[in-house]
Amino acid sequence: MLEDKNQQRTSLSQLGEFGLIDHLTKNFEVKQPSTLKSIGDDAAVLDFKDKKVVISTDLLIEGVHFDLAYMPLRHLGYKAVVVNLSDIAAMNAKPTQITVSIAVSNRFPLEALEELFDGITLASKAYNIDVIGGDTTSSQKGLIISITAVGEANESDIVYRNGAKQTDLLVVSGDLGSAYMGLQVLEREKQVFQVNPNNQPDLDNYTYLIERQLKPEARTDIRELLEKLEVKPTSMIDISDGLSSEIIHICKQSKVGCNLFEEKLPVDPQLINVCEEFNIDSTTVAINGGEDYELLFTIAIEDYDKIKANPNLTVIGHMTQESEGIHLITRANTKIPLKARGWNALEE
Ligand SMILES: [Mg+2]
């Protein structure tokens, strides 16, 4: 649906593995003082001095995690980096380096990998991180990308999932559910396209949702914002699988309960319109839709005044004693137990 039919195709076998790595990595510059040795030796060398190091890794498989019918390779490269940086941000750490490993089948020409690496380069510039290594190999079928992200933090600044207290407030950055509805729009257009390849999709009414799906951003800005507001979260997680499942992770690990308020959920007006069009309940999408890559965290109730006026942050609930359970309080004031459905559960 987004393929350029006239593109040049250079076979990967023409370059060989080392030629390919040289070609794909030639634009990576070292920006971080902690990177002592980047690509070019058997291993990279990092020096974080008195900081702690956080590491997170992620594997993306074509046909399972992404669909190249509507995911341009440049966006895929960008997103593959961002989802890893989001995990570093969720530890309240600053991302500094990544490694990138890919396996590709021979159906991908060099030009396709150049696009993928353009997206990776763009993200590494946007987030000021170094690409310090990786691996390239062939796959029997499809594209596989594995990225490992490294970050740094003072030990006292790191935030875990298990620190929420029963009187804390639950806060989320940004808005919820848009990435999921963006995916629904793209899936629908793909089906229209398969029936009639001449049908050019008109996506003007869906730009925000599609951008949230195809080009998400990691909230690395929230660490700096909270530092400025002099607020340290008591627990934190990023929203990859969906709000409800992330709330349950925090509650289980912190041994607390939670009341989440439907009327407080931050959703974009475009999400409400498109949910009406698709006849889906926007609260269900906000709670269970995944891939928002926003940060969900708890703060001490004394810190409420410091964050209440900030447009980036919304208080959506409060923690309780563990024995009270985990509930959604609806607009009609009914109490519904929250289930960890994740975004896959919506695909029915
Ligand atoms: Mg995570």
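Visitor: Where is D42 found?
Guide: Good place to start: residues are numbered from 1 along each chain as its sequence is written. This is a predicted model, in which local features need pLDDT of at least 70 and side-chain atom pairs count only at pLDDT 80 or more, while totals for chains, interfaces and linings use all residues. Helices (H or I, at least four residues) and strands (E, at least two) are DSSP runs numbered from the N terminus. In those terms, D42 sits in the loop between β1 (35-37) and β2 (45-46).

Visitor: Is D42 buried or exposed?
Guide: A residue is buried if 20 or more other C-beta atoms, placed from the backbone, lie within 10 Å of its own, exposed if 12 or fewer, and partly exposed in between. D42 has 6 C-beta neighbours inside 10 Å, so the residue counts as exposed.

Visitor: UniProt places the feature "binding site" at D42, D87 and D238; how far apart are the farthest two C-alpha atoms?
Guide: That feature comes from an unreviewed UniProt entry; positions follow the numbering used here, feature names are shortened, and annotations may be inferred rather than shown by experiment. The three residues span 197 residues in sequence and do not all gather at one spot, because the farthest two C-alpha atoms are separated by 32.8 Å.

Visitor: Which residues does D87 touch, leaving out those up to four places away in sequence?
Guide: D87 lies in helix α2 and is buried, with 22 other C-beta atoms within 10 Å. Two residues are in contact if their C-beta atoms, placed from the backbone, lie within 7 Å. Beyond its sequence neighbours up to four places away, D87 touches S56, A149 and D238.

Visitor: For the "binding site" annotation covering T57, D58 and D135, what is the largest C-alpha distance?
Guide: This UniProt annotation is also from an unreviewed entry. D58 belongs to strand β3 (residues 52-61), and D135 to strand β5 (residues 130-138). The annotated residues are spread over 79 residues of sequence yet cluster in space, with a largest C-alpha distance of 14.4 Å.

Visitor: Is D58 buried, exposed or partly exposed?
Guide: D58 touches V83, N84, S146 and I147, apart from residues up to four places away in sequence. Its count is 17 C-beta neighbours inside 10 Å, so D58 is classed as partly exposed.

Visitor: In β13, what is the bridge partner of L328?
Guide: Strand β12 (residues 326-329) pairs with β13 in the antiparallel sense over 3 bridges. Within this pairing, the partner of L328 is I336.

Conventions: Pairing = 2+ DSSP bridges.
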